[in-house]
Amino acid sequence: MDSLPRPTAASGLAQYLALTVALGGLQFVWSVETGFGSLYLLSLGMKKSHVSLVWLAGPLSGLVTQPLVGILSDNCTAKLGRRRPYIIGSTVAVVLCLIVIGWTRELTGSRPALTIWLAVIAFYAMDFAINCIQASMRALIVDSLPTSRQDAGTAWASRMIGAGNVAGYLMGFLDLVRLLPFLGSTHMQVLTSIASLLLVATVAITCYFSPEIPLARSPAQSGVSGSSLRALGTIFTSIRSLPVAIKDVCRIQLFSWIGWFPFLFYGTTYVAHLYVATHTSAGSTDSSADLMERGTRAGSLAMFAYAVSSLGFSVILPVFAYSSASRSALRQRRYRAGTLSTLGQLRQVLRKTQRAASISLSKMWMISLAVFSVAMLLTFVVSTVRGATWLIAACGFCWAVTIWVPFSIIGETISEFNSSERSMRDDGRGDGYFPVDSADIPMEELATGEQGGDDQPEYGFGGRNEDVPQRSSNTGGLSAGTILGIHNVFIV
C-alpha cells in the first residue's frame, strides 16, 4: 500500500489497544456533547423547549448514517481499505464541527440568532460524522479479529468507551481555562480543543496500526456505489433474512434502548430535580436558580459515578464471561504437548478456576437487563439524591454489558459464518455459495436453495441463485458494515 506505511501487524494486547483506542477518543467527544452541549446552547440564548429538538440529531443520524456507511464501506475499494477512509474523513468533519462549536460567538460576531443557528448546524453535522466513525470502527473490529477473539475485542472496545466516558465527565469538575489557557478562553473552547486533539491522536493510532487489505473491484461490483441508495431502502425489507442470533440481538436492543435513551439524556436532570425537591421541601430559602445549579452538579457527580462504575465492570466482567468460540479456544489449550513449568501449572489452575466461575455472554446480558429494569422501576421509589446516585452508579454494570455483549455476539456470528464460507470455498465445496456483502442483493434471496448439510450453521444462506451475480471471493461472506447498520436501526 503506497499511500500509507504498513507496519508489522500488532498482536495480542497491543492489537486490542490499537484497534479500539479510537473508540475511547470518540466517546470523549460524545460525552462532551451530551454532558455540556445543553448548557452551552442555553448560554447562547436558545429556549429549553428547543434544546430537545437538537438532540434528535443523535437518533436521526444513527438511523440514516450507520446503515448507509455500512453498505458503502463494505464495497469501498480505496487503497486505504474499506473502513479507514470513512474513519479519517469523518474525523476531519468532527474536528471542524468542534472548532465551530467552541468559537461560535467569535465566528458570528456575537449575533444571537446566527450564533444559535451555526451551533445547531454544527451539532447536527457532528452527530452524523460521529455515527460514521462509530459504524466504521465497529466493522473494523469485526473484520480484523478471528471468531475466537471477537468477544475480547468488543470487551476492549467497551473498556475504551468507559475510559472516554470517565475522562469526559471528569472535565466538568476541572477549571480548564486556568489549567490550559493556551487552548481557549472559555470552558467550552478548551473542551472542544482537548476533544479534537484526543480524537485525532487515537484515530491516528488505530488507522496506522490496523492495516486493511484493499478490496479489489470485481465485475460484479461495478455499479454498486450507484445502487447504494436503492440498497439502503432494500435493507429495511431484508431484515427477516438475518442470521437467527443477530435477529435475536436486534429484537432485544429494540426494547432495551427504549429505556437507555431516557437514562442517558435525562439522568443528570433526574438527580437535579430530586435535589431541588428535597431542599425545597426542607424549607431552603435559596433561589430556584441556585438550587438547580447545585442540583446539576449533583447530577453530574452521579453520572461520573456511573461512568467510573461502567469502566470498572468493563474491566472485570470479561474475565467471568465466555462465548462458544472463546470457551472452545480455552479448551484447546489443555491439549498442548509438553511438560508445564510451575508458572504454567499455576496459569492452568487459574484458567480452570476462570472456566468454573464464568457464565455465558447471553446469560450475563440477561442478568444486566433484569438489573436495569429493576433500577428503572426503583426510580418511582427513590426520593433522595444519595439513593438516586447509587441507583445510577449501579446502572454502570448494565451499561458495561450493553456496549460489549451485543456487539460480541454479532461479531462472532459474522466471523464464524465467513470462516465457514471460506473453508468451503478452499475445500472446493464453495462453488454455488456467495457472500452477502453487496448492497444490491436483498438478503431474503439468500434463503433460497438446498442446505449444505445438517451440521451447517443456520445463517440464512443456501444454494446458487442464477438471478444474482456471484461475488468476488475476496469480499468475504456476511458484511460487518451492513449488518451493524441494520443493528443500529433497531437501537434508534
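User: I'd like to learn how to read this model. Is helix 16 mostly covered or mostly uncovered, and how many of its residues are buried?

Analyst: Good place to begin! This is a predicted model, where local features need pLDDT of at least 70 and side-chain atom pairs count only at pLDDT 80 or more, while totals for chains, interfaces and linings use all residues. Residues are numbered from 1 along each chain as its sequence is written, and side-chain values use heavy atoms, with hydrogens and water left out. Buried means under 20% relative accessible area, exposed over 50%, and partly exposed in between (1.4 Å probe, protein chains only). Helices are DSSP runs of H or I with at least four residues, numbered from the N terminus. Helix 16 (residues 385–402) is mostly covered, with 14 of its 18 residues buried.

User: How far apart in sequence and in space are Thr-65 and Asn-488?

Analyst: They are 423 residues apart in sequence and 9.6 Å apart in space, C-alpha to C-alpha. Thr-65 belongs to helix 3 (residues 57–74), and at 9% relative accessibility Thr-65 counts as buried.

User: Now the rings. How many aromatic pairs does the structure hold?

Analyst: Rings of Phe, Tyr and Trp (its six-membered ring) pair if their centres lie within 6.5 Å; planes under 30 degrees apart count as stacked, over 60 as edge-to-face and the rest as tilted. The structure holds 9 aromatic pairs. In one of them, Trp-260 and Phe-263 have ring centres 5.5 Å apart and planes at 85 degrees, so this pair is edge-to-face. Both residues lie in helix 11 (residues 244–281), 3 residues apart, about one turn of the helix.

User: Why is the pair of Trp-260 and Phe-372 called stacked?

Analyst: Their ring centres are 4.0 Å apart and their planes are at 15 degrees, so the pair is stacked. Trp-260 lies in helix 11 and Phe-372 in helix 15 (residues 361–378), so this pair ties together parts 112 residues apart in sequence. Both Trp-260 and Phe-372 are buried. Ring pairs also link these two with Trp-257, Phe-261, Phe-263, Tyr-306 and Trp-399 into a cluster.

User: Which ring does the charged end of Arg-138 sit over?

Analyst: A charge sits over a ring if NZ of Lys or CZ of Arg is within 6 Å of the ring centre and within 35 degrees of the ring normal. The charged end of Arg-138 sits over the ring of Phe-407, 3.7 Å from its centre. Likewise, Arg-159 lies over the face of Trp-156, at 4.6 Å from the ring centre.

User: Last topic: which residues line the second largest cavity?

Analyst: A cavity is a set of points on a 1 Å grid over the protein atoms alone where a 1.4 Å probe fits but cannot get out; lining residues have an atom within 4 Å of a point. The second largest cavity is lined by Arg-138, Ile-141, Val-142, Gln-150, Thr-154, Phe-407, Gly-411 and Leu-484. Helix 6 gives the most to this lining, with 3 residues.

How values were computed:
Helices (H or I, at least four residues) and strands (E, at least two) are DSSP runs, numbered from the N terminus. On a 1 Å grid over the protein atoms alone, a cavity is a set of points where a 1.4 Å probe fits but cannot get out, and a pocket is an open set with protein on both sides within 12 Å along at least five of seven lines; lining residues have an atom within 4 Å of a point.
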